[in-house]
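The sequence and structure come first.

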Amino acid sequence: MRPGHFASRGDLPDADLRSASVMDADDVAALLSEMGYPCSEREARERIRLITANDRQALVVARSGGRVCGLIGLDFMYYLPLGSTTCRITALVVTSDAQGQGLGRQLLKEAERRARFAGAARVELVSGSQRADAHAFYKACGFSDGTVRFIKRLGDA
């Protein structure tokens, strides 16, 4: 088996989860690009700097098989209607060859752990309407359908 390649479903060991640093910029750029959001290493480095400078955000990378193969981004915000903190998952991606092996679930459990530690009342995420497989995964992990999200773009973002 090639280093970093997983032969079949279920053979991915528990990953080492840790907060991202600028040293992870190349991996973060690749993961965001795989998610459909092209990102250069320079852009990833700046995004990681902004997140690590903000105590209300976190970026966790998952390393397994000698490489980074997943990430989850978290934003802890005060949610007026509930009068408490909500943990919003802003990004979740696992490399295609590591999918289906429990890594996404491990990252979601880490999000829940950090949310509870921060006193959050809930964890929420948004997912593009076209991502049916992701929706099924989130439901299998205990998430339920929420509200409809409306977006008005202010420029290119």
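Which residues in α3 meet which residues in α4? In this predicted model, Gly 104, Arg 105 and Leu 108 are the α3 residues, and they meet Phe 137, Tyr 138 and Ala 140 in α4. By class, the residues of this contact of α3 with α4 divide into four nonpolar, one polar and one charged.

Two packed helices are described by the angle between their axes and the distance between the axes. The table gives both values for two pairs.

| Helix pair | Angle | Axis distance |
|---|---|---|
| α3 (residues 103-117) and α4 (residues 132-140) | about 55° | 11 Å |
| α1 (residues 25-34) and α2 (residues 41-52) | about 105° | 8 Å |

With an angle of about 105°, α1 is roughly perpendicular to α2, because angles of 65 to 115 degrees count as such. Ala 25, Asp 26, Val 28, Ala 29 and Leu 32 in α1 meet Glu 41, Ala 44, Arg 45, Arg 47 and Ile 48 in α2. The residues of the contact of α1 with α2 divide into six nonpolar, no polar and four charged.

At about 55°, α3 and α4 are oblique to each other. The crossing in which α3 passes α4 is right-handed.

Helix α3 also holds Arg 114. Is Arg 114 buried or exposed? Its relative accessible area is 19%, and Arg 114 is therefore buried, since the cut-off is under 20%. Leaving aside residues up to four places away in sequence, Arg 114 touches Ser 19, Ala 58, Val 60, Leu 74 and Phe 76.

Methods:
Residues are numbered from 1 along each chain as its sequence is written. This is a predicted model: local features need pLDDT of at least 70, side-chain atom pairs count only at pLDDT 80 or more; totals for chains, interfaces and linings use all residues. Side-chain values use heavy atoms; hydrogens and water are left out. Helices (H or I, at least four residues) and strands (E, at least two) are DSSP runs, numbered from the N terminus. Buried means under 20% relative accessible area, exposed over 50%, partly exposed in between (1.4 Å probe, protein chains only). Contact means heavy atoms within 4.5 Å. Axes are lines fitted to C-alpha atoms, for helices over the stretch in contact, and angles run from 0 to 180 degrees between N-to-C directions. Angles under 35 degrees count as roughly parallel, over 145 as roughly antiparallel, 65 to 115 as roughly perpendicular and the rest as oblique. A crossing is left-handed if the near helix is turned anticlockwise from the far one by less than a right angle, and right-handed if clockwise. Ala, Val, Leu, Ile, Met, Phe, Trp, Tyr, Cys and Pro count as nonpolar, Asp, Glu, Lys and Arg as charged, and the others, Gly among them, as polar.
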